[in-house]
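Subject: Structure handover

Hello,

Here is the structure I said I would pass on. My notes on what turned up in it follow below.

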Amino acid sequence: MTPSYADLTRVFGRIGLLSFGGPAAQIALMHKSLVEDRDWLTEDQFLRALSFCMLLPGPEAMQLATYAGWRKRGILGGLIGGGLFVLPGAIVIMALALLYGSYGSLPLVQAIFLGVKATVVVIVIEALIKVSKRALVSRTALWLAAFAFVALFFFALPFPIVIVFAAVVGAMTAAADTVAAPSTKFPWAKSFAVVVIGCLLWAAPFALIGNADPILAEIGAFFAWLAVVTFGGAYAVLAYMTQAVVGDFGWLTTPQMMDALGLAETTPGPLILVTQFVGMIAGAQAGGTGLALIAGVLTLWVTFVPCFIWIFAGAPLIDWLEQQPRLKAALAGITAAVVGVIANLSVWFALHVFFGSVTPFTAGPITSVWPDLTTVQPLAIALSGLAGVLLLWRHINLLWVLFICAAISGTLAMF
């Protein structure tokens, strides 16, 4: 059965509006909509496509929606599927970023966001637990996770170096007697054409921007680079993005980054929409609302266009990729390192939430941060404890946990 474009728009529009709760919930929603309720994908097709999307940089749920649309109605169908998965959340993030830029510094708003930040600490720990269960399946994986944490937290090594090292180690540790199956014919010409056209479209905004504003060029270049190194999911991206946005560019502070993540967790669509929020806040601080809107659209473009390129060029090659054991082993190594990346992010966030002052320090090759123990914030620790009980033990819906912790913090601030 080949659905009409109207059917695609209706189904994927509904998925986009209801896609709360992170990748696991979004993938489950798509499975019900596309496999159980309709025969648009078989169980095998869905699982093979999901495995393929998990190998790619970028948000796997959005790429899975793109693949499903592409499989039913070609490139236009893929644009509908992936585009509608992102669009509702992008609209909400745009409104929230503008409101945050205007009112985020008010004392009551800051108090409310303390509850959000305290919950974010637990959200990242929950992600760490989930990824660990999937990734840490061997001694090598454990060592790679430990290496990634130490390299990032204690030595501040660049994120791409950690990822490349993990990929090389993973490939080298693939079974020596593993032999690839007879290769499926590789459609080079078609995929090459998609990549060339896609990259030209991806780069088009840079020609339009020109020398209009240096901050736009910086934002576009950074998020374009981020889009091609975001293996391991959104939380791995956040670790790298926090390091660069806070430490290198100075666009946002660490508390603002945590506010951004908390807001992104409350909206539909992929969590990586947090990049749009960051781009808009950076633009607003550099040139007001107009520049914020331009920066937000630019960030969305350079972040998500590559996702469409990966699918349109690579989806026909799913069978071929399944026959590449070294590649699969390299990606398994990256996934293991991501555990350490997320652990670094969780410690970083916890220090900045639980203490009012955190300062960098250097001792020989070690470059890290240390909290001022006299600035400990008991309320933040208590709120994180409450969020941990509600999320990890009682398994309460994330939106309710965010609301409860924000409401408690905001209420206490008024007395």
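Two strands count as paired if DSSP finds at least two bridges between them. The model is a predicted one, and strands β1 (residues 358–363) and β2 (residues 366–371) pair in it over 6 bridges, in the antiparallel sense. One of the positions involved is Pro 360, whose bridge partner in β2 is Val 369. The hairpin of β1 and β2 has 2 residues between the strands, and Gly 364 in this hairpin takes a positive phi near 65 degrees.

Most residues other than glycine have a negative phi. Ala 156 is not a glycine, yet its phi is positive, at about 50 degrees. Ala 156 sits in the loop between α6 (139–153) and α7 (159–172). Its relative accessibility is 33%, so Ala 156 counts as partly exposed. His 395 also has a positive phi without being a glycine, at about 55 degrees. The loop that holds His 395 runs between α15 (378–393) and α16 (398–413). Because its relative accessibility is 61%, His 395 counts as exposed.

On to the aromatic rings. A pair of them is described by the distance of the centres and the angle of the planes. The search of the whole structure gives 15 aromatic pairs. One of these is the pair of Tyr 100 and Phe 277, which is edge-to-face, with 5.4 Å centre to centre and 65 degrees between the planes. This pair links distant parts of the chain: Tyr 100 belongs to helix α4 (residues 60–103) and Phe 277 to helix α12 (residues 274–314), 177 residues apart. Both Tyr 100 and Phe 277 are buried.

Phe 249 and Trp 251 make a stacked pair, at 4.3 Å centre to centre and with 15 degrees between the planes. Phe 249 and Trp 251 belong to one aromatic cluster together with Phe 222 and Phe 223.

Two arginines lie over ring faces. Arg 73 is over the face of Tyr 5, at 4.0 Å from the ring centre. Arg 394 is over the face of Trp 393, at 5.4 Å from the ring centre.

Last, the second largest pocket. Rolling a probe the size of a water molecule over the atoms shows where empty space is left. The second largest pocket holds about 630 Å³ of space. Its lining has 27 residues, and the closest to the pocket centre are Leu 79, Trp 301, Phe 304, Val 305 and Phe 308. Which helices each supply at least two residues of this lining? They are α4, α8 (188–209) and α12. The largest share, 12 residues, comes from α12. By residue type, the lining of the second largest pocket divides into 22 nonpolar, 5 polar and no charged residues.

Regards

Key: Residues numbered from 1 in each chain as written. Predicted model: local features only at pLDDT ≥ 70, side-chain atom pairs only at ≥ 80, totals over all residues. Heavy atoms only, no water. Helix = DSSP H or I, 4+ residues; strand = E, 2+ residues; numbered from the N terminus. Buried < 20%, exposed > 50% of the residue type's maximum accessible area, 1.4 Å probe, protein only. Phe/Tyr/Trp six-rings, centres within 6.5 Å; stacked < 30°, edge-to-face > 60°. Lys NZ or Arg CZ within 6 Å of the ring centre and 35° of its normal. 1 Å grid on protein atoms, 1.4 Å probe; cavity = no way out; pocket = protein on both sides within 12 Å on 5 of 7 lines; lining within 4 Å. Points joined across faces, edges and corners; volume = space filled by probe spheres on them. Nonpolar A, V, L, I, M, F, W, Y, C, P; charged D, E, K, R; others polar.
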